[in-house]
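Here is a friendly note to read alongside the structure. Take the points in order and find each place in the viewer as you go.

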Amino acid sequence: MSFFYMKQENKFSTLKMMNGNEAVARGAFEAGVKVASGFPGTPSTEVMDYTKHSYPDIYCEWSTNEKVGLEVAIGASFAGYRSFAVMKTVGLHVAADALGGAAGSQINGGLVLVVGDDVGRIAGDDYNDVRHYGNMFNIPVLEPADSQEAKDLMIKAFEISEEYSTPVILKITSVICKTTSAVAIDETQTYKVSCRSKYKVSFSKVIMTTMMMNAKGSEHPKLTKCFHDFPAEMKRLAEDCNDFDINRLELNGKKIGVVTAGTPYYYTKEVLPDASILKVGMVMPLPAKLIRELAAHVEKLYVIEDGHDIMEKNIKDLGVSVIGKELFPKFPEMTRFTPDIIEEKLVPDAPKRKIMDGIPFRLPVSCAGCSHLFISQILRNHKIKAAADVTCGLIGCFPHMESYSLQKCMGSSIALAHGYNVATDHKENFVAMIGDGGFWATGINGLMNLIFNDSQSTTIIVDNSCLAMTGGQHIASSDFGFNYKPENKLEIAKVCEAIGVKDIVTVDAYEFENLEKAILNAVNSGTNSVVIVQKPCVTKFKLPKGDVYSIDQELCTQCRKCINIGCLAIESKKGEDGKVEIVINEDLCTGCGLCSTACKFDAINQ
Amino acid sequence: MQDTGKNIIIAGVGGQGILLFSNLLSKYYSKLGYQLKISDVIGLGQRGGGVESHFRYSTKPVLSPFIKAGDVDYLLSFEQTETLRYLHCLKDDGIVFSSTFELSTSSVNTRLEKDMPESKTELIKQCGKKTFIIDPEKNKSEDFDISKMMNIVMLAIYAEFRGYAHEEMMQIVRESVPAKFVEGNLKAYEKGIEIAKAF
């Protein structure tokens, strides 16, 4: 660490505590980025927030979805300016077509994709690994091990992008994003943008391979200007990366050798201080010479990588034998590496420590006063079959609520419900619930699709004025945002009307009876219908607290109907005498009153 | 510097000001010239989910952002179910500071799981480590409810226990919290010193 770290220091540098997201934003500033786009997604959302707030010279936008975000960055890069798009790996699945189009094409201004891999969260996306895209599209992937490297590798990513004419992925994990450590900053550095127009055209590989196949040997400038020998560029990079200082061979003891990247590098250093280590800052392509050098130096070679066994496979493809997942089984055995896992497997006689048995689990719960709770409650009360989306409301899928029977990816619920209804000849109206973020992201396509395919379906759109799940970023229908102007705000109802939805109604979530009526009318209308449920996100907009509710213990029969609403404020507690009571936590209660509608015994009152 | 560094886990649930707590502590140790790594692990659910912060300061570069089980010097916990989750991470001579506050878990509320039959406070006391239990209910007075500012109370308790200069810590609080909250926070800090002195 010290070697890499010292190199960054100069007489102007000061040390600043930054988390990984903040450091990536700093790197963007130092690299002279002109355009930042993308879509929120844990854990990398704050990269955009820090870029916008700390470096106002950089144009920032939250785009309607990840694919659009990446396309914006690609366009800006072709104009000659350094640009990046930020998203989580699940979001890159949405943007994968755009990345495939950019991969292997001519790059003017450096193009970097900052992607968050949400490793290690029991409720996160442990099944994704962004490095697959590096393999699939043959593009480089960099991975930092701390905040200093997050900044440095962001800058390096732009240099590689321009030098080898390729988009570059900067992989950051939840651990990098949420860990704070010191970063050397030159406070005197000013913002410098440069324009680099090396290529007059930039076409997808389809056009270029056509040129390659048909125009071999032709020197006609009309043909050669379209031709771009991307396989040769990547071959050159694979050769050059053996000399990159971000790939570092630390030869030490001969017993154990480890190839590692990201924070697992530090776990390895701490647990195996005598091991020889190849720390790669670029995980794709791998420095083959350095790997062979390490393999020749040690008795046993291991690979310690978070996520899937991607480096492992790539090392084995080099003909080098390495021990990876056979010793460290991946998901579900582990969600991410920890120093403990390495110690257990590679340090003889390490003491075993076990967590106490029987500690109850914290199942995700909605915030008290969330409009989703009202919708979940009505769907359950009337046994309406429904699909949920990726939204805070997906908590309604958990077993204590059981409000939804189908839930897949973001923006999917409208098309899922349509498919169900078509297959069942519209005999039961399977309802779609979707958040406003999911609606604008891709859900709107599902709505257009069902209209022009002459289908009938009911869609409940939860309009809480922001992308609540990731902390309240703005969307097309928000009243705020980086580039917000009131005249540009998109109204959900107007758009639904323009698409051709017959029956559209807008209701306030807290007017329980109206909402119930609206949903039942829509479901029974026999035509395509949209119910827009309005209530600003309680957490983002800090709604004023109403008079709190309490439970009269004399009247309470402990039927637990109120608890199954899924509100965080309602608790089952053991009193001083050991008797269980259902109580409302007055600190958390917002006074929305939903629980009082659920109580059949009038025990819940303000 | 006699103290070459320590490993601390700060635990609780969302909304208890744990991130502010670790931020204040990081400013204190930064001023003393220590190297730091602070890793925040936040669960799903903005309110009421478990929050865990691994705080490491050292005179040497800090390597792993996560503290290995068995390497924790101090467990500072704001919620007692969360305290139980990390007891096994403590060193043999590790020390626990735990609030008796408890936010019942959703899985128990909804009967997906049974709660532990034992008293959680007793389980903590009997864990075989040095423990300090703080009861916010017993320490609140009519005009001042410390339960809302347990992060600052805990900061004062920890500072008193470690023999740190309170004036320096209070200065960091003054510089870090919005002006309208300074007075209340400093009052909570004083209360924390009082509680620590009574241990």
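**Notes on a predicted model**

1. Let's begin inside chain B.

2. The crossing of H1(B) past H6(B) is right-handed. On the H1(B) side, the contact is made by B:Asn23, B:Leu24, B:Lys27 and B:Tyr28.

3. Now look at where the two chains meet. How many residues of chain B are in contact with chain A? There are 41, and they meet 43 residues of chain A. Helices H1 (18-31), H2 (80-86) and H3 (106-109) and strand S2 (35-42) of chain B each supply at least two residues to that side. S2(B) gives the most, with seven residues. By class, this side of chain B has 20 polar, 14 nonpolar and seven charged residues.

4. Finally, visit A:Tyr50, in helix H3 (residues 45-54) of chain A. Is A:Tyr50 buried or exposed? It is buried, because 20 other C-beta atoms lie within 10 Å, and 20 or more is the cut-off for buried. Leaving aside residues up to four places away in sequence, A:Tyr50 touches A:Asn21, A:Glu22 and A:Ala25. A:Gly369 is 319 residues from A:Tyr50 in sequence, and their C-alpha atoms are 29 Å apart.

Terms used:
Residues numbered from 1 in each chain as written. Chains lettered and ligands numbered in written order. Predicted model: local features only at pLDDT ≥ 70, side-chain atom pairs only at ≥ 80, totals over all residues. Contact = placed C-beta atoms within 7 Å. Helix = DSSP H or I, 4+ residues; strand = E, 2+ residues; numbered from the N terminus. Nonpolar A, V, L, I, M, F, W, Y, C, P; charged D, E, K, R; others polar. Buried ≥ 20, exposed ≤ 12 C-beta atoms within 10 Å, placed from the backbone. Left-handed = near helix turned anticlockwise from the far one by under 90°.
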